[in-house]
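Please read these comments with the structure open beside you. They go from the whole chain to single residues.

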Amino acid sequence: MNTIFKNYLFEKHLFVNEGTKGQEDNRSETLFALAKLFGIRIVAGEKLVQESMIGFTASMLGENVPEPFYRGFPQSVRELTSDQLLFDQILHYFQTYWLGDFSEPGHSVFEKDIERSAFKENVQIKDFSVVTEDEAVSLLAGMVEDLLAGTRPLSDDQFMLVKTFIKEYDYKVTDIASKNTCVKLLRDTRDIRYADYMNLSDVIKLVDDINFEEYGSQNIRKLNLKNKDRKFIESVIDLLIDLGRCDIRTCFEKKKIWNGLLHHIHYKAKSPDGQVFVDAMRGNVNNSVYAEFEKAMSEKQIKAAIDALIKGKGSGAFLRNVNYIVSRCETLEDTEYVVNCMDTRNILILLQLLLQYSNYTKNSGARTFKFTRYNQLRVHTETYAEVKKRKSVISNGQANMLARKIMENLKSVLKNRLGKVYIDPDMANYALPVQENTSQGGFGVLPKGSRIHIGEMKKLRGFTYWEKVNDIDLSVFGIDKKGHKTEFSWRTMSGRQSGAITYSGDETSGYNGGSEYFDIDMDQFRKKYPDMRYIVFCDNVYSRIPFNKCYCRAGYMLRDVDDSGLIYEPKTVQSAFTINADGLFAYLFGIDLDTNDMIWLNMARSGSINVAGDTSMEFLMQYFHVTEIINVASFFEMMAEEVVDDISEAEVVVTNKHVECEEGVEVIREYDFEKMIRYMNQR
């Protein structure tokens, strides 16, 4: 079976038996090795285990990870003075960056040899099942179907799963809800049948994606496409016009871009409908819905503007512009009209707006906005001129009113969609996968804002390791209660090493393998830095080679405060994922020092930033409160006709634990993104 599929199923705690014979003799040894090396317990399909699963697990959780700069981390680091730590760093940098010698991994000249005790820490058992290859294919088909039902863009890993499964199993696609997914499939396969799920206006998205992926350009206004791409785009345009999907009014929204594209590909209409379209794009009139909407808004005709938007673009477009509309309301009557028009059955839009307005705080200073493009996070902080010009500002009271209305609508839409549901209380700690397209996939990965409690006698060891690049940096930032940040990184840690936070050293000779670690003892950190509220882990490629051009893994372990064994112990790994974004910077996860929770962030950031201290952290705050607003438990509680305490009575079970259920009962776990996506996109 394709490694892509096996990797994806491993994230769901599933091994695949590929039908190899002669494994019965060492089944017991394999089960013992999985438990001893990785803390994995097989709870179903014991007879299907294979010896090859040991090596496969090692590749997923890490076993032969390169040593860090300080080989005795963390004990030896705490025994060195700040002068010794600084000298080590300077000497290592002189050898690598100044002399250009990256041939050998550098290590400390001061640290003493450390004799490690045998591993004896308490670890959290990971429950796995083993399925046959036929069962695996059936499970994957269901996941692909659920992912294709989602209206939001998929992450790179999710899209790769969908594309590869369709190709290898000749999967017959019956629907693609996301135009983003449809465009990417059309772009990568050049199978024009995917145009069946598009409208003519979506061609601009297709051209933008081709321009970025094939030519590395983010400026669609300056095209230099090869002839094969011009012909392909022309054929898609002709097909959509022939199919009657010529939504000219929506095309008006990108009229100038369309004009440039038609000129660039030397497009000539092949039918009367095509000529009407070409004349419209090249004419002087802009008849878009948004033009009508903006005209009514400029004339302060709020009701007419809302009516035009809902009639022409639907309730989703109206809801996405609510902030703008409410900020222009001058009468109570207009505001009430806005609220009364907010009824929609689009669950995903309601969830997005609920999070937006529940996190809203009126800010008179420069605001920081985030958005995504090409599956990367983009962050923009307002300039002084933009602050002076802005008008779309609402009060905290208006935001609270909108949040209440949206929650009422959401409860009404979800009510009684499911029958009897059992909900594990722990599921309140997990966020819904509302927008995960910037995320990396891997074992233990959760939706942004999800929380994992760290035991009182545990510390968090964040890690990263890499190949095919000279230097990747793991950094930590403390954020105090006023939002100010303190940097803990290669350039500051020589004077900050302590029992609260310990750093393994900045390994820069990693073309054949390098690694870095941070240990955070939450109890000691709170005492040493009493004003700190949050900690954020980041990864950045200092060598300026994008993550997708090297090999980089990141994640975290939960270790005993007085840890034993090797620096990297796979059985303590709670998450290990590959960072493969086309960028230099990624936010990994955070820690809430008040609650002792690890909080998932997992976002690839665009741009040329390759030093962590140069980034804004303000926009991350909203992710620390996601589960207080909506979470997996509250979402399924809204849908339940009845929430039951006895699992045996349930038709749907929502839990993060291994449970035995009767056949036909749907079990939804914290990592079942696909099932949650299906429920969030039901109409």
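The numbered points below concern a predicted model.

1. Overall size. The protein has 683 residues, and a compact globule of that length would have a radius of gyration near 26 Å. The value for the protein is 27 Å, which agrees. Along its principal axes, the C-alpha trace spans about 80 × 60 × 55 Å.

2. Composition and packing. There are 25 helices and 21 strands in the protein. Of the 683 residues, 55% count as buried. Consider the contacts between residues at least 6 apart in sequence: 74% of them join residues at least 24 apart. The accessible surface comes to about 30400 Å², and carbon and sulfur atoms account for 47% of it.

3. An open sheet. Six strands make up an open sheet, in the order S7-S16-S15-S9-S13-S12, with antiparallel pairing. Its edges are strand S7 (442-443) and strand S12 (501-503), each of which pairs on one side only. Strand S12 is joined to strand S13 (residues 514-520) by 3 bridges, and the two run antiparallel.

4. Strand S1. In a regular strand, side chains alternate between the two faces of the sheet. In S1, Leu-14 and Val-16 lie on one side, while Phe-15 and Asn-17 lie on the other. Are these four residues buried or exposed? All are buried, and both faces of S1 are covered. S1 runs parallel to strand S3 (residues 126-132), with 4 bridges between them. Within this pair, Val-16 stands opposite Val-131 in S3.

5. Lys-12. This residue sits in the loop between helix H1 (3-11) and strand S1 (14-17). Lys-12 counts as buried because its relative accessibility is 7%, and the cut-off for buried is under 20%. Which residues does Lys-12 touch, not counting those up to four places away in sequence? They are Met-143, Tyr-671, Asp-672, Phe-673 and Glu-674. With Tyr-671 there is a polar atom pair: the backbone oxygen of Tyr-671 lies 2.7 Å from a polar atom of the Lys-12 side chain.

6. Thr-627. Helix H23 (residues 626-629) contains Thr-627. Its relative accessible area is 11%, so Thr-627 is buried. Leaving aside neighbours within four places in sequence, Thr-627 is in contact with Ala-428, Asn-429, Tyr-430, Ala-431, Gly-449, Ser-450 and Arg-451. A further distance to check is the one to Lys-448, 179 residues apart from Thr-627 along the chain. The C-alpha atoms of Thr-627 and Lys-448 are separated by 9.7 Å.

7. Helix H24. This helix (residues 632-639) is mostly covered, with 6 of its 8 residues buried. The buried ones are Val-632, Ala-633, Phe-635, Phe-636, Met-638 and Met-639. When looking at such a list, keep the geometry in mind: an α-helix has 3.6 residues a turn, so residues three or four places apart point the same way. What caps the N-terminal end of H24? Asn-631 does: a side-chain oxygen of Asn-631 lies 3.1 Å from the backbone nitrogen of Ala-633.

Definitions and conventions: Residues numbered from 1 in each chain as written. Predicted model: local features only at pLDDT ≥ 70, side-chain atom pairs only at ≥ 80, totals over all residues. Heavy atoms only, no water. Buried < 20%, exposed > 50% of the residue type's maximum accessible area, 1.4 Å probe, protein only. Polar contact = N/O pair within 3.5 Å; in protein donor to acceptor, adjacent residues only side chain to side chain. Contact = heavy atoms within 4.5 Å. Pairing = 2+ DSSP bridges. Rg over C-alpha atoms; globule rule 2.2 N^0.38 Å. Areas by Shrake-Rupley, 256 points an atom, 1.4 Å probe, with all protein chains shown as cover.
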